[in-house]
Amino acid sequence: MRILSILFASTLLVTGCGSSPSQTTTTAGTIPDCSRIERVATAEKSLEMPCLDGSEIINFHAIRGPIVVNVWGSWCTGCREEMPFLIDLYATDAFKNGQVNLLGVDVQEKDLLSGPSFVKSHGMTWPHLIDAEDKGKFLFGPGVPVTWFIDKDGKVVDTRIGSYNTKQQLFDQTEKAFGIKL
């Protein structure tokens, strides 16, 4: 509970105590909220993580897609290198119109301000969770980046361990996972 209080207080400092805009109105330099993330009311397992903007806590196992989940850290070289590809992916019509969603999971930060600062400075305008207590390590694995593709039923239909070397790799895997054209 203490970590959540610290996270909330840190988020208020970073965001200036204002309300967070939704996915459709989020711009670079803000911390997006998690309101557009589809989920079921109850799930068999529980892995609760706060939204990076501090607005709510989400059970990762309740998330439903189609959604691309990218696990990253601001300190991670591969994460930094692939971030422009994710920004381009999120700018496609499939993501703009809600056909597919994107969610980031920030992990293993040295402090609670590193993740929000990275999101703002890199123009990552999609929602993010923070795994400040490293609860997801058993699920995501010990390294980042990791990208998951989750279908409408909550099933992981594809994964990638390690960074994308090209935008086309990410786009091709997304198209294949969800049977869409970007």
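Student: Which residues of H6 are buried?

Tutor: Happy to look at this predicted model with you, where local features need pLDDT of at least 70, side-chain atom pairs count only at pLDDT 80 or more, and totals for chains, interfaces and linings use all residues. Numbering starts from 1 along each chain as its sequence is written, and side-chain values use heavy atoms, leaving out hydrogens and water. Helices (H or I, at least four residues) and strands (E, at least two) are DSSP runs numbered from the N terminus, and buried means under 20% relative accessible area with a 1.4 Å probe, protein chains only. In H6 the buried residues are Leu170, Phe171, Gln173, Thr174, Glu175, Ala177 and Phe178.

Student: How far apart are the end C-alpha atoms of H6?

Tutor: H6 covers residues 167-178, twelve in number. The expected span is 1.5 Å times one less than the number of residues, so H6 should span 16 Å. The model agrees with that, placing the end C-alpha atoms 17 Å apart.

Student: What volume does the largest cavity have?

Tutor: A cavity is a set of points on a 1 Å grid over the protein atoms alone where a 1.4 Å probe fits but cannot get out. Points are joined across faces, edges and corners, and the volume is the space filled by probe spheres set on them. By this rule there is one cavity of 30 Å³ or more. The largest cavity has a volume of about 40 Å³.

How values were computed. On a 1 Å grid over the protein atoms alone, a cavity is a set of points where a 1.4 Å probe fits but cannot get out, and a pocket is an open set with protein on both sides within 12 Å along at least five of seven lines; lining residues have an atom within 4 Å of a point. Buried means under 20% relative accessible area, exposed over 50%, partly exposed in between (1.4 Å probe, protein chains only).
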